[in-house]
Amino acid sequence: MEPVESKGSNKKRIAIAFFICLALICVVAAGLALFSVYNENHDEDSTTPSQKRPNVIFMISDGFSPSSETFARTMSTAGSSISNQTLLPLDSMLVGLVRTYSSMSLITDSAAGATAYACGLKTYNNAIAVDDNIKAQGTAMEAAKEQGMTTAIVTTSRITHATPASFSSHMSDREYEEEIADQQAKNQSVDLLFGGGLQKYTNREDGQNLFATMQDRGYQTIQTYDEFKEKLNMPVIGLFAEQHMSYEIDRIHQDPIEEPSLTEMTIKALDLLKENDNPFFMLIEGARIDMAAHAHDAYTHYLEIMQYQDTVNVVKQFVKENPNTYVVSVADHGTGGISLGQSFYNGTYPDPYMWYPANLLGQIKSTELMAQMIIENGMDTLNQTVLEYAGVELTSDEFELITYATSISENAERSLRTVLGSVLSGRAEIGWTTPGHVGVDVNLYSYGLRPSSFYGVKENIDVGNELWDELGLSDTMKQITESLSDMTFPPILPPETQPNKKYAGHH
Ligand SMILES: [Zn+2]
């Protein structure tokens, strides 16, 4: 029995040894596997920045004073208690202030304002990515494209307007928008363009059809909301209005809605950029925040700001999923001098201090559209139009003020929309100081990655330069400036030939 037993126990020992070996092999294999997984993750973490460069989302809220942010925050809870106010998406991103003056004035226009960021350079008002000597200057977006990044512009203005133009073209004067379109179409430094300004591409004074040019170069070209909703392919240009896109207040009351919103364009653009899977440089502009402030149209200004805030939320969500992304949001300048609280000096202080934001809530059309309708149908339709689209019954004093201001103006429609805006704002105790821009500092916001130097009060050109330096774009920008040194430009246009410059309403 013993040998049998012994044989049996030998078998057992062999079996036990076998299982121990197997277990050991399993443990070692599992350990190795875990180690290699750890190593992979560890390697990925430590090498990702050098392997895949970061994305850049540069956002510009045109004409957005710090007081515009306070106004929007307050409006968003109009009608309820002041203590109920909640912060807006931009509020948690505040890191500093930006000084906005141009090389010629404390008060910049959008061309010099955008050039300061795009090229890191102070220049004269109306200059599009050229210096004081009218020499072309390489932009960060051009440098990004040169280095193999994908580039994108999303705006609510004409795509040829000062801000997008200053990142994607070079011109002596912002008024040469057909030439700007020509450069955008032929240089192809931008892979995705969404905005307005179709007329500058397809219905031009020189008869060229730049959509045809871009199709020849492989761009998908679209111009309707229906086309926008389809599956798109890059490179792509989508221009959804002949001129600027509609104000959000007018867009949401279109039936059917004819254009995408800033937020929708941003979502679509980010989807395409994600699909493309290449580091990208994107400019997003809330362009008409500025224009509503020029018109003193407070409620329209508010809805433009809130559309921009929604877009900020979309961008924040993208960064949560793609943390290797720089996000900066700045204004080029403030507009209108909006303030909360106004009264006309009569020897006493207002007491109590009044604030009636809820008085704006009945407005369903911009003063721009109301003014167009009133001019078209006659001033005797003023009361009825304002009642229908602003929910306000004008007093006889207000009626007289509006008709008088309109009658003495060289540009009745422009005056009408602005004085109507002032009257409606007055009912909420919102004051405006100018139909133009102001020289106050603007807020600097950031999310995701940012240069460590982004705090305190900064020059607009340093916001650009420090960011482009950190992203490794500055040397390429200098090389592009060199390569453009032979570029020549038409003369700067004198103000009296330009209706926009002549009236105090230049954007
Ligand atoms: Zn402006």
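Predicted model: local features only at pLDDT ≥ 70, side-chain atom pairs only at ≥ 80, totals over all residues.
Me: Which residues of H6 are buried?
Reply: Glu177, Glu178, Ile180, Ala181, Asp182, Gln183, Gln184 and Ala185. Helices (H or I, at least four residues) and strands (E, at least two) are DSSP runs, numbered from the N terminus.

Me: Why is H6 called largely enclosed?
Reply: Because eight of the eleven residues in helix H6 (residues 177-187) are buried.

Me: What do they pack against?
Reply: Strand S3 (150-158), plus helices H5 (162-168), H7 (199-202) and H8 (210-216). Contact means heavy atoms within 4.5 Å. Just after H6, Gln188 has a positive phi of about 50°.

Me: Switching to the largest nonpolar core. Which residues touch the most other members?
Reply: Phe58, Phe167, Phe194, Tyr201, Phe281 and Trp468, out of 102 residues. Such a core is a set of buried Ala, Val, Leu, Ile, Met, Phe, Trp, Tyr and Cys residues joined through side-chain atoms within 4.5 Å.

Me: Which helix gives the largest share?
Reply: Helix H13 (residues 298-321), with twelve residues. Domain 1 (54-337 + 434-488) and domain 2 (340-431) each supply at least three residues to this core. Those bounds come from an automatic or database domain assignment.

Me: What does Phe167 touch?
Reply: Leaving out residues up to four places away in sequence, Phe167 touches Phe58, Ile60, Ala114, Tyr117, Ala118, Thr139, Met141, Glu142, Phe281 and Leu283. Another core, of 15 residues, lies apart from the largest one and includes Ala371, Tyr389, Leu416 and Leu424.

Me: And Thr263, buried or exposed?
Reply: Buried, at a relative accessible area of 11%. Thr263 sits in helix H11 (residues 262-276). Not counting residues up to four places away in sequence, Thr263 touches Gln307, Asp310, Thr311 and Val314.

How values were computed: Residues numbered from 1 in each chain as written. Heavy atoms only, no water. Buried < 20%, exposed > 50% of the residue type's maximum accessible area, 1.4 Å probe, protein only.
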